[in-house]
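The sequence and structure come first.

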Amino acid sequence: MCGIVGIVGQGPVNQSLYDALLVLQHRGQDAAGIVTSEGEKLHLRKDSGLVRDVFRTEHMLYLRGNMGLGHVRYPTAGLSSCAEAQPFYTNSPYGIVLAHNGNLINAEALKRDLYAEDLRHLNTASDSEVLLNIFAHELQLQGKLRIDERDIFDAVAGVHRHCRGGYAAVLMIPGFGVCGFRDPHGIRPAVYGKRKTDAGIEYMIASESVALDTLGFKLIADIAPGEAVFIDAEGRLYRKQCAEQPVLSPCIFEFVYFARPDSIIDNISVHRARLRMGKKLAAKIKREWQDHDIDVVIPVPETSRTAALQVADGLGIGFAEGFIKNRYIGRTFIMPGQKVRKRSVRQKLNAIDLEFRRKNVLLVDDSIVRGTTSRQIIQMARDAGAKRVYFASAAPPVRYPNVYGIDMPTASELIAHGRSEDEVCRLLRADGLIFQDLDDLIEAVQKKNKSDVDRFDTSVFDGEYVTGDVTTRYLDQLEQNRSNSIRESASRPSETVIELYNTA
């Protein structure tokens with residue numbers, strides 16, 4: 001999962017790109033990058049770390065120009081590498097830079113095709129570099145010295161014909177313009193908006209609407225599945241549907257966990273969706289556990305707070321903040337590597353004994369993925385004096401790998417894979433466990449069928465992949481590749497790469 005942003009401005013865009021990445025930091029804490037276009041020149045800075053650490057004053061001074069892209073990354077293979085920080089650049093044709101959120105499931109076949117057909121050498125294992133070069137290949141086939149928006153849209157259509165998986169991307173051609181596009185299923189989110197300045201109209205494309213809001217841009221729309229939006233260097237906006245049979249199938253896990261609550265994705269308020277998740281969960285508890293002895297509902301900060309409030313209200317019992325979060329520790333789910341996740345839980349949360357002592361506590365979290373964090377939090381509640389500790393998840397059991405850009409790609413890492421809810425409860429060492437029903441989750445996010453969503457990607461819960469081409473062989477190979485990568489990372493010395501250069 002990553003955050004992307006692209007801006008075409010009437011003046012320097014470096015500060016706006018930086019500010020947008022700060023707002024999107026929740027989508028990736030492994031690496032950050034910004035590239036700007038000053039006429040025909042590109043200025044790039046990227047490195048591992050948080051946005052505030054990657055960009056210093058001397059870096060910002062070099063990032064000159066009125067157009068640019070930004071990216072925050074977390075590694076979908078669970079590993080960290082400076083070499084795969086984005087945006088990526090290719091010099092042919094014209095010079096193109098790209099930032100990408102998602103995952104291509106046919107990346108290996110595309111790499112072979114790129115070399116065989118175009119002799120293109122790829123320098124990283126990132127499928128984002130594959131996506132960039134597929135676009136570049138399609139644009140180069142047109143053989144033009146000068147291009148226009150129609151050529152851009154034709155190249156995006158070629159990307160859709162070749163690429164399989166979930167992807168939202170922004171790309172820039174120096175001196176020409178910025179383009180944003182989304183896969184034909186709209187699995188990963190992307191929006192665009194505009195703001196008026198004294199110098200004229202400026203446009204932004206970003207992963208979430210909150211990036212537009214905080215910088216004073218007015219949301220125009222979500223990029224539709226298969227659609228491309230292009231803003232040229234003069235500030236003219238063009239849009240076109242570039243896929244033959246688009247079907248809006250956004251990832252439902254965006255609403256459960258990843259997106260900020262103040263974002264709107266595909267015309268659905270993330271905050272209101274989480275309110276409805278809590279109401280649905282409370283109704284299930286009342287239906288299936290009428291004689292419960294819960295004294296207090298306590299959320300696991302931060303994402304679950306909205307749902308937990310509704311659970312407490314629906315059950316008619318008290319709500320309390322029982323954990324204090326260290327806001328300077330990153331999101332545990334997207335920590336690179338299981339050892340780091342385990343170590344960070346105790347650093348991130350501390351229990352308030354008074355809220356637990358001699359009480360039967362219901363802990364509410366947004367989801368349970370690997371179970372590592374949940375088990376430790378349950379133990380923290382016991383250590384704080386709770387009599388009984390129950391656990392509720394605002395999402396159904398995560399039983400299947402994600403292949404569209406979320407760091408849970410292997411079934412063996414998922415605590416609920418191949419296990420009943422009772423078995424999961426015992427492994428977590430909880431006194432009781434309840435999960436949201438999938439139908440209730442879909443209805444909670446769907447706004448009672450008032451949204452434009454055709455269907456949601458719920459593959460992590462039911463194993464049904466919306467692209468329809470995920471095979472058992474592919475999943476097995478993915479698990480093997482992940483195991484190999486983890487072993488290689490354990491034996492590899494740490495690296496530091498800092499890039500800051502101009503290229504014509």
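**Helix H13 and its surroundings**

After H13 comes Gly-385, which has a positive phi near 110°. Helices (H or I, at least four residues) and strands (E, at least two) are DSSP runs, numbered from the N terminus. The model is predicted: local features need pLDDT of at least 70, side-chain atom pairs count only at pLDDT 80 or more, and totals for chains, interfaces and linings use all residues. Residues are numbered from 1 along each chain as its sequence is written, and side-chain values use heavy atoms, with hydrogens and water left out.

- The 12 residues of H13 should span 16 Å at 1.5 Å a residue, and its end C-alpha atoms are 17 Å apart, which agrees. The expected span of a helix is 1.5 Å times one less than its number of residues.
- Buried residues in H13 are Thr-372, Ser-374, Gln-376, Ile-377, Ile-378, Met-380 and Ala-381. Buried means under 20% relative accessible area, exposed over 50%, and partly exposed in between (1.4 Å probe, protein chains only).
- Ser-367 sits in the loop between strand E20 (360-365) and helix H13 (372-383). Ser-367 counts as buried because its relative accessibility is 8%.
- The side chains of Ser-367 and Asp-366 make a polar contact at 2.8 Å. A polar contact is a pair of N or O atoms within 3.5 Å; within protein, one must be able to donate a hydrogen and the other to accept it, and residues adjacent in sequence count only if both atoms are side-chain atoms.
- Apart from neighbours within four places in sequence, Ser-367 is in contact (heavy atoms within 4.5 Å) with Phe-253, Val-256, Ser-393 and Ala-395.

**Overall fold**

- The protein has 17 helices and 23 strands. Its radius of gyration is 23 Å, close to the 23 Å that the globule rule gives for 504 residues, so the protein is as compact as a globular protein of that length. The radius is taken over C-alpha atoms, and the globule rule is 2.2 Å times the number of residues to the power 0.38.
- The C-alpha trace spans about 75 × 50 × 45 Å along its principal axes.
- Of the 504 residues, 60% count as buried.
- Among contacts with a separation of 6 or more, 71% are between residues 24 or more positions apart.

**Aromatic pairs**

- Rings of Phe, Tyr and Trp (its six-membered ring) pair if their centres lie within 6.5 Å; planes under 30 degrees apart count as stacked, over 60 as edge-to-face and the rest as tilted. By this rule there are 13 aromatic pairs. The rings of Tyr-18 and Phe-55 have centres 6.1 Å apart and planes at 85°, so this pair is edge-to-face.
- That pair links distant parts of the chain, 37 residues apart: Tyr-18 is in helix H1 (residues 14-23), and Phe-55 is in the loop between helix H2 (51-54) and helix H3 (57-62). Tyr-18 is buried at 15% relative accessible area, and Phe-55 is buried at 4%.
- The rings of Tyr-257 and Phe-258 are also edge-to-face, because their centres are 5.1 Å apart and their planes are at 80°. Both residues, Tyr-257 and Phe-258, are buried.
- A cluster of Tyr-74, Phe-253, Tyr-257, Phe-258 and Phe-461 is linked by ring pairs.

- Helix H5 (residues 127-140) has 14 residues, of which 13 are buried, so H5 is largely enclosed by the rest of the structure.
- Ser-126 caps the N-terminal end of H5, with a side-chain oxygen 3.0 Å from the backbone nitrogen of Ser-128.
- Arg-188 lies in the loop between strand E8 (177-182) and strand E9 (191-197). Arg-188 is buried at 0% relative accessibility, and its side chain makes a polar contact with the side chain of Glu-254 (3.4 Å).

- Most residues other than glycine have a negative phi, and most peptide bonds are trans.
- Gln-86 and Pro-87 are joined by a cis peptide bond with omega about 10°. Pro-87 is in the loop between strand E4 (67-73) and strand E5 (88-90).
- A cis peptide bond also joins Pro-301 and Glu-302, with omega about 0°. Glu-302 is in the loop between strand E16 (296-299) and helix H10 (305-315).
- Tyr-94, not a glycine, has a positive phi of about 75°. Tyr-94 is partly exposed at 29% relative accessibility.
- Asn-267 has a positive phi near 65° and is partly exposed, with a relative accessible area of 45%.
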